[in-house]
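Thanks for coming. Please have the chain on your screens.

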Amino acid sequence: MTFNGTWKVDRNDNYEKFMEKMGINMVKRKLAAHDGLKITIQQNGDKFHVKESSNFRTLEIDFTLGVNFEYSLADGTELSGSWAMEGDMMKGTFTRKDNGNLLTTTRTVQNDELIQSYSYEGVDAKRIFKKSD
């Protein structure tokens with residue numbers, strides 16, 4: 001279970017541009033860029049329990065691969081979609097409820113890093129997490 005563990009955000013790549021494209025205002029973008037996000041992932045077969053803890057909120061999500069669920073981003077954006085495994089990569093495909101636009105997210109583990117990539121309306125970004133205790 002490659003994804004299992006607690007991961008703390010280490011650095012961002014193009015994350016502010018991505019948030020801007022998502023329609024998040026400047027104040028929230030500045031705060032989110034330094035949110036201290038920690039993700040704890042526990043996988044049991046095709047079921048996942050994910051806890052997201054940041055300076056702003058703590059959220060726990062349970063989902064099963066391939067099964068649609070509802071999710072809201074830290075800024076309140078409501079999404080509906082699902083995660084699937086593609087080889088060693090988790091791929092999330094989510095539709096925004098407010099405008100119907102597609103947000104795709106992938107999670108891969110390379111060495112000791114969890115790389116979470118986002119793609120929305122032609123803007124790509126990454127958040128890189130290091131395993132923490």
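Is asparagine 14 buried, partly exposed or exposed? Asparagine 14 is partly exposed, with a relative accessible area of 38%. The classes are buried for under 20% relative accessible area, exposed for over 50%, and partly exposed in between, with a 1.4 Å probe and protein chains only.

Before going further, the conventions. This is a predicted model, where local features need pLDDT of at least 70 and side-chain atom pairs count only at pLDDT 80 or more, while totals for chains, interfaces and linings use all residues. Residues are numbered from 1 along each chain as its sequence is written, and side-chain values use heavy atoms, with hydrogens and water left out.

Back to asparagine 14, which sits in the loop between β1 and α1. Helices (H or I, at least four residues) and strands (E, at least two) are DSSP runs, numbered from the N terminus. The phi of asparagine 14 is positive, near 65 degrees, in a residue other than glycine. Glutamate 121 is another non-glycine with a positive phi, about 50 degrees. Its place is the loop between β9 and β10 (123–132), and glutamate 121 is partly exposed at 44% relative accessible area.

Next, strand β2, residues 38–44. In a regular strand the side chains alternate between the two faces of the sheet. Here Ile39, Ile41 and Gln43 make up the covered face of β2, and Lys38, Thr40, Gln42 and Asn44 the uncovered one. Two strands pair if DSSP finds at least two bridges between them. β2 pairs with β1 (residues 5–13) in the antiparallel sense over four bridges, and glycine 5 stands opposite isoleucine 41. With β3, also antiparallel, β2 has seven bridges; there isoleucine 39 is opposite glutamate 52. β2 and β3 form a hairpin with two residues between them, and glycine 45 in the turn has a positive phi of about 65 degrees.

Now two residues with their contacts, meaning heavy atoms within 4.5 Å. Phenylalanine 129 belongs to strand β10 and is buried, at 0% relative accessible area. Leaving aside neighbours within four places in sequence, its contacts include Trp7, Val9, Leu37, Ile39 and Leu114. Ile39 is also on the covered face of β2. Methionine 85, in strand β6, is partly exposed at 34%. Not counting residues up to four places away in sequence, methionine 85 touches Phe3, Leu65 and Met90. Methionine 85 and aspartate 46 are 39 residues apart in sequence and 8.9 Å apart in space, C-alpha to C-alpha.

Last, the pocket. On a 1 Å grid over the protein atoms alone, a pocket is an open set of points where a 1.4 Å probe fits, with protein on both sides within 12 Å along at least five of seven lines; lining residues have an atom within 4 Å of a point. Grid points are joined across faces, edges and corners, and a volume is the space filled by probe spheres set on the points.

How much space lies in the largest pocket? About 670 Å³. Its lining has 32 residues, and Tyr15, Arg57, Tyr71, Leu73 and Ala74 lie nearest the centre. Elements that each supply at least two lining residues include α1 (15–21), α2 (26–32) and β3 (47–53). By class, the lining has 21 nonpolar, four polar and seven charged residues, where Ala, Val, Leu, Ile, Met, Phe, Trp, Tyr, Cys and Pro count as nonpolar, Asp, Glu, Lys and Arg as charged, and the others, Gly among them, as polar.
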